[in-house]
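Welcome! Have a look at the structure first, and then read on.

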Amino acid sequence: MHGGGIGFGIGGVMLKPSFRDRVIAPSLLAADFSRIGEEAKRAVRSGADWMHLDVMDGHFVENISFGPAVVETVNQASDVFLDVHLMISRPDHYLQRFIDAGSDLITVHVEAPHDVSETLGRIRSAGLQAGLALNPATPLDEVLPYLNQIDLLLCMTVVPGFGGQAFMPEVLEKIAAAAAIRQQRGLSFHIEVDGGIAAKSAPLCYAAGANVMVAGSSTFRAPDMAAAIATIRRG
Ligand code: DX5
Ligand code: ZN
């Protein structure tokens, strides 16, 4: 668990990033699993603002990744902000374990079977930030009832389940629509993109209104992780 956000220090006070700040969140899914803690530290040394942790259950998505024990391992290795993305069928059932593991922000999918409003409320009541994700095929309308309950909207830019897939540019329109509604309603949630984010796709996402870039393969598997993160940040 980490207090708030990234190092926008003013007079020694750490400020939480706003939706106007660029945040780079390397996805641990692309890391070397035999040395998870070291990999998280390498990401932080290379300029990562948040660590993105992809939890997959083999039901909601066609892949199984890791659970709360790995979140806890990363939490013990570093005080980096933990952005936990639950791609699981019953996020409400497993929620408390991810809270206890040290998550700072928990994102749940709108397509998963659970009472979305109640789950988001529980995340915030536990003192964490709440995120809501939607798949590329899910219309923005599905998340509109919950926008005042979230700190982050995750617009998936691939069909979730696996790293290393190609960015889907058709999602850009949805990102722009979400940013417009955010402005109309005077809200301030982050817009995060996840899937195929790299030097070419990041600028398109920033231009559409996203500010949090999740990047797995393009960061952990780059020859120079710090340079890769700097390039994505620059956009
Ligand atoms: C996809 C996951 C992503 C994934 C991104 O199901 O949610 O976070 O790790 O990987 P890249 O950046 O390799 O597309
Ligand atoms: Zn993810």
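## Before we start

A residue is called buried when its relative accessible area is under 20%, exposed when it is over 50%, and partly exposed in between, using a 1.4 Å probe and protein chains only. By that rule Gly 195 is buried, because its relative accessible area is 10%.

This is a predicted model, in which local features need pLDDT of at least 70, side-chain atom pairs count only at pLDDT 80 or more, and totals for chains, interfaces and linings use all residues. Residues are numbered from 1 along each chain as its sequence is written, chains are lettered from A and ligands numbered from 1 in the order in which they are written, and side-chain values use heavy atoms, with hydrogens and water left out.

## The zinc site

Let us begin with the metal. Donors here are N, O and S atoms within 2.8 Å of the metal (3.2 Å for Na, K and Ca), and water is not among the atoms, so sites may look incomplete. The zinc ion (ligand 2) is held by His 52 through NE2, Asp 54 through OD, His 85 through ND1 and Asp 194 through OD, at 2.0 to 2.3 Å. Along the sequence these donor residues follow the spacing H-x1-D-x30-H-x108-D. Two of them, Asp 54 in strand β4 (residues 50-56) and His 85 in strand β5 (residues 81-87), are 31 residues apart and link distant parts of the chain. Helices (H or I, at least four residues) and strands (E, at least two) are DSSP runs, numbered from the N terminus. Asp 54 and His 85 are both buried.

Why is the arrangement around the zinc ion (ligand 2) called octahedral? The six donor atoms subtend angles of 66 to 165°, which makes it so. For reference, six donors count as octahedral if opposite donors are over 155 degrees apart and all others between 65 and 115; four count as square planar on those terms, or as tetrahedral if all angles lie between 85 and 135 degrees, and anything else is irregular.

## Around ligand 1

Ligand 1 has 20 residues around it, and Asp 54, Gly 161, Asp 194, Gly 216 and Ser 217 come nearest; a residue counts as near if one of its heavy atoms lies within 4 Å. Asp 194, one of the zinc donors, has a side-chain N or O atom 2.6 Å from an oxygen atom of ligand 1.

An oxygen atom of ligand 1 lies 2.8 Å from a backbone N or O atom of Gly 164, and one is 2.8 Å from a polar backbone atom of Gly 196. Such polar contacts are pairs of N or O atoms within 3.5 Å; within protein, one must be able to donate a hydrogen and the other to accept it, and residues adjacent in sequence count only if both atoms are side-chain atoms.

In helix α2 (residues 68-77), Val 70, Val 71 and Val 74 are buried. Seen down the axis, the buried residues of α2 fall within an arc of 105°, so they line one face of the helix; the arc is that of the directions from the helix axis to the C-beta atoms. The face turned away carries the exposed residues Ala 69 and Gln 76. Among the elements covering the buried side of α2 are α1 (36-45), β4, β5 and α3, where contact means heavy atoms within 4.5 Å.

Helix α4 (residues 116-125) buries Val 116, Thr 119, Leu 120 and Ile 123. They span an arc of only 100° around the axis, which puts them on the same side of α4. Their packing partners are α3, β6 and β7 (129-134). Just after α4, Gly 127 takes a positive phi of about 90°.

## Stops in the loops

Gly 195 sits in the loop between β9 and α6. Beyond its neighbours within four places in sequence, Gly 195 is in contact with Thr 157, Val 158, Phe 167 and Val 214.

Ser 103, in the loop between α3 (91-100) and β6 (105-109), is buried at 0% relative accessible area. A polar atom of the Ser 103 side chain lies 2.6 Å from the backbone oxygen of Phe 98.
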